[in-house]
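Open your viewer and get ready to click along. We will begin with the whole chain and then select a few residues one by one.

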Amino acid sequence: MIKEFTPKDLAFMVDHTQLAAYAMPAAFDKLCNEAKDYGFRMVAINSVQVEYCKKLLAGTNVHVGAAIAFPLGQMTVKAKLAETEDAINNGADEIDYVLNIPKLIAGDTKFIADEMDAIVKMCREANVISKVIFENCYLTKDQIALAAKIAKDVRPDFIKTSTGFGTGGATVEDVKLMKTTVGSDVKVKAAGGVRTKEAFVAMIEAGAERIGTSAGVKIIDSLEGKNVSIDVGF
């Protein structure tokens with residue numbers, strides 16, 4: 001289906017990202033100001049910056065999104081829940097958590113489902129959007145599909161390709177696989193390496209409804225105020 005997007009429509013699909021370990025307060029001032037100016041959907045930050053960014057974005061429609069167990073996913077479920085709860089208490093509107101990659105690779109579907117269910121339930125009860133990060137660069141196509149099938153049952157709001165800190169980021173092939181598996185039950189977020197207008201559009205065509213990128217300003221500016229017709233994959 002061909003759909004016409006205005007630059008404003010596309011900006012509203014951007015999770016504007018600042019997850020660097022060395023980012024100082026000025027970087028978050030810049031991040032939040034850009035998010036407000038461009039009308040991005042969310043700022044994606046580590047959980048320690050949630051309270052600060054929430055204050056900067058007060059009175060706007062920009063969400064504050066906390067990265068949980070980031071970027072490795074190597075925390076107990078109890079620890080992930082504690083970080084999720086803390087982020088929500090500090091004002092997070094969205095939670096992006098990294099699943100337990102070795103458990104998925106080992107085929108421990110019960111662990112993955114139980115972890116996902118616990119975090120999604122906490123988010124749902126708090127009226128907070130939930131996203132599950134797969135980190136596809138470490139997974140086979142069968143493992144990506146397996147995680148997506150679990151998500152189809154548990155129903156997080158989104159499944160997400162990557163942290164941007166692994167050995168690879170979002171690919172069109174992976175986004176298509178994830179979207180085909182979950183259908184309309186769960187949305188897909190593409191993140192990691194999406195830095196150009198062409199890549200941004202390709203991810204939407206593949207089925208992504210949210211794009212995580214630190215290049216949102218550059219991408220939206222490159223549209224030069226013009227609408228874009230996209231053969232959407234959702």
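Residues 24 or more positions apart supply 71% of the contacts with a separation of 6 or more in the chain, where contact means heavy atoms within 4.5 Å. Please keep in mind that this is a predicted model, in which local features need pLDDT of at least 70 and side-chain atom pairs count only at pLDDT 80 or more, while totals for chains, interfaces and linings use all residues. Residues are numbered from 1 along each chain as its sequence is written, and side-chain values use heavy atoms, with hydrogens and water left out.

**Cartoon view.** Switch to a cartoon and look for 10 helices and 10 strands. These are DSSP runs numbered from the N terminus: helices are H or I with at least four residues, strands are E with at least two. Along its principal axes, the C-alpha trace spans about 50 × 40 × 30 Å. Buried residues make up 53% of the 234 residues; buried means under 20% relative accessible area, exposed over 50%, and partly exposed in between, using a 1.4 Å probe and protein chains only.

**Select K131.** You will land in strand β6, residues 129–133. Is K131 buried or exposed? K131 counts as buried because its relative accessible area is 1%. Now show side chains: K131 and E94 are joined by a polar contact of 2.4 Å, and the side chain of K131 also makes a polar contact with that of D96, at 2.9 Å. (A polar contact is a pair of N or O atoms within 3.5 Å; within protein, one must be able to donate a hydrogen and the other to accept it, and residues adjacent in sequence count only if both atoms are side-chain atoms.) Leaving out residues up to four places away in sequence, K131 touches several others, including D15, M42, F158 and R210.

**Select N136.** This residue sits in the loop between β6 and α7 (141–154). N136 is buried, because its relative accessibility is 3%. Beyond its neighbours within four places in sequence, N136 is in contact with I144, T161, D174 and M178.

**Select A69 to P71.** A69 is in the loop between β4 and α4, and P71 is in the loop between β4 (63–68) and α4 (77–89). What kind of peptide bond joins F70 and P71? The bond is cis, with omega about 0 degrees. A69 has a positive phi, near 55 degrees, although A69 is not glycine.

**Select N127.** Finish in the loop between α6 (109–125) and β6. N127 also has a positive phi, near 60 degrees, and is exposed, with a relative accessible area of 72%.
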